[in-house]
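Colleague: I'm new to reading protein models. Could you walk me through this one, feature by feature?

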Amino acid sequence: MLEIKHLTKKYGDFTALRDVNLTLDKGVFGILGANGAGKSTFLNLITDNIPRTEGEILYNGKEILTLGAAFRKKVGYTPQLQGMYEDFSAGQFLRYIGSLKGMKHKKCKEQSMELLELVGLRQVAHKKLGAYSGGMRQRVLLAAAMLDDPEILILDEPTAGLDPEERIRLRNHIAELAKNRTVLLATHVVSDIECIAEKVILMKKGELLRFGSPIELMEEIQGKVREFTGTFEEVSSLKEIYGKGQIMRRRAGFVFRAAEEELPEDFVPVSDVTLEDVYLFYAEGREESSSKGKAEAQDGNEKKGEDA
């Protein structure tokens, strides 16, 4: 179990992470937020890659700074950037990473092949990494993070740059690996976690906004998600006014879907609230939707009523 207490990271006057408190057990915990939300800072503090300013991180009740190498041995980490030796084969790369972890050669070799089988790459284990696609490289990094059977798996934007098929395949592998360990998966892509996350950690500008299961978070905003159906010009103008929301094409026409505390009366409530709506409601600049813009929208709707 990981316990995070009042975790804070400052760079001079800038606060990258502010007073985060969480308790994490087994399962997938999706860390969701826009770029700059503090996701990578949070993960780098847990892996002890950067020093914290304030707070505690406890593993099974013990401070990780005190545990030192004993804690790091229990952590597998896939960074956001793909730093790999392109002349290595996948098998060579995993054996190299295993040696850095202090694994015995025989155990490392056996586990490397098992993990490459798990991520669907055993048949091409002999090929050089320079010939691998982005998705294949991400799967190699996932296998490398799993060497020596870590109890905590930390994944920073693991599906970045992948095509939809590779993204789905990697998500399935992550879900399989999470059965007996704690997995922290940081992303700004909602679909990466909506099907596999036990709980969602929603962050914005270095602060923890919400922590709960996808169902709990969706229930919180029930009744606050509405849609307006109209011409493309009408829904585009609403997007300009509100600064967030989604434009979609339906059989009845174009739809502007928004998650807000207050919306005009001709916006129709929807029952199928999604995690994407939760993200838009909490994390996508709620304070930036100006009262002036909302007043313009309201005035426009009243004008349409007068014209009718």
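This is a predicted model: local features need pLDDT of at least 70, side-chain atom pairs count only at pLDDT 80 or more; totals for chains, interfaces and linings use all residues.

Colleague: How many bridges join strand 7 to strand 8?

Modeller: Two strands pair if DSSP finds at least two bridges between them. Strand 7 (residues 152-156) and strand 8 (residues 182-187) run parallel and are joined by 5 bridges. Strands here are DSSP runs (E, at least two residues), helices are runs of H or I with at least four, and both are numbered from the N terminus.

Colleague: What is the strand order in the open sheet of 6 strands?

Modeller: The order is 6-7-8-3-9-10, and the pairing is mixed. Strand 6 (75-78) and strand 10 (207-212) stand at the edges with a single partner strand each, so one side of each has no neighbour in the sheet. From one strand to the next, the twist averages 15°.

Colleague: And what is the order in the open sheet of 4 strands?

Modeller: That one reads 2-1-4-5, with antiparallel pairing. Its edge strands, strand 2 and strand 5 (62-63), each pair on one side only. Inside it, strand 1 (residues 2-11) pairs with strand 4 (residues 54-59) over 5 bridges, and Glu3 has Leu58 as its bridge partner in strand 4.

Colleague: Now helices. At what angle do helix 4 and helix 6 pack?

Modeller: Two packed helices are described by the angle between their axes and the distance between the axes. Axes are lines fitted to C-alpha atoms, for helices over the stretch in contact (heavy atoms within 4.5 Å), and angles run from 0 to 180 degrees between N-to-C directions. Helix 4 (residues 90-100) and helix 6 (residues 134-146) pack at about 30°, with axes 9 Å apart. That makes them roughly parallel, a label for angles under 35 degrees.

Colleague: Which residues of helix 4 meet helix 6?

Modeller: Ala90, Phe93, Leu94 and Ile97 do, and they meet Val140, Leu141, Ala143 and Ala144 in helix 6.

Colleague: Last one: how accessible is Asp19?

Modeller: Asp19, in strand 2 (residues 14-24), has 41% relative accessibility and counts as partly exposed. Buried means under 20% relative accessible area, exposed over 50%, and partly exposed in between (1.4 Å probe, protein chains only).

Notes: Residues are numbered from 1 along each chain as its sequence is written. Side-chain values use heavy atoms; hydrogens and water are left out. Angles under 35 degrees count as roughly parallel, over 145 as roughly antiparallel, 65 to 115 as roughly perpendicular and the rest as oblique.
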